[in-house]
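Work through the exercises below with the sequence and the 3D view side by side, and try each task before you read its solution.

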Amino acid sequence: MKNYTITVNGNVYDVTVEEGGAGAPAARPAATAPKAAPAAAAPKAAAPAGGAGSVKLEAKAAGKVFAVEASVGQTVKKGDTVVILEVMKMETPVVAETDGTIASIDVAKGDSVEVGTVLATMN
């Protein structure tokens with residue numbers, strides 16, 4: 001048996017791991033620890049090329065779509081908020097990088113996104 005001290009989200013746990021042989025469980029925690037968070041959902045596929053614009057607004061950080069502020073066909077100015085992401089419990093606006101028209105919105109409220117996920121496109 002081996003003893004480990006593990007820190008998870010600031011909480012310290014003492015864990016004893018039993019070394020098992022073939023067919024035996026590899027580890028058995030002696031202390032009850034919180035279960036691991038489920039893996040994030042896969043990023044949503046990009047919209048078909050026919051509806052996509054030439055300027056892509058991508059997620060700069062992993063998070064969840066908190067709100068979609070713009071709609072397809074809407075004219076936006078540079079700096080206007082198009083999508084708001086919740087990143088580490090902070091509302092983070094994703095803004096138009098240039099003046100233009102929203103060609104597609106590729107996410108919906110509540111979607112999980114990874115870095116680089118296309119959130120919207122503009123012309």
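**Exercise 1.** In which strand is the place of Ile6?

The model is predicted, so local features need pLDDT of at least 70 and side-chain atom pairs count only at pLDDT 80 or more, while totals for chains, interfaces and linings use all residues. Residues are numbered from 1 along each chain as its sequence is written, and side-chain values use heavy atoms, with hydrogens and water left out.

Ile6 belongs to strand S1 (residues 2–8), where a strand is a DSSP run of E with at least two residues, numbered from the N terminus. With a relative accessibility of 38%, Ile6 is partly exposed, a class that lies between buried (under 20% relative accessible area) and exposed (over 50%), using a 1.4 Å probe and protein chains only.

**Exercise 2.** Decide whether Thr117 is buried or exposed, and find where Thr117 lies.

Begin with the position: Thr117 sits in the loop between strand S9 (112–113) and strand S10 (118–122). Next take the relative accessible area, which is 6%, so Thr117 is buried. Finally, look at the side chain of Thr117, which has a polar atom 2.9 Å from the backbone oxygen of Glu114.

**Exercise 3.** Identify which residues touch the most other members of the largest nonpolar core.

A nonpolar core is a set of buried Ala, Val, Leu, Ile, Met, Phe, Trp, Tyr and Cys residues joined through side-chain atoms within 4.5 Å. The largest one has 17 residues, and Val82, Val83, Leu85, Val113 and Leu119 touch the most other members. Strand S6 (81–87) and S10 are the elements that give two or more residues to this core, and S6 gives the most, with four residues.

Methods
Polar contact = N/O pair within 3.5 Å; in protein donor to acceptor, adjacent residues only side chain to side chain.
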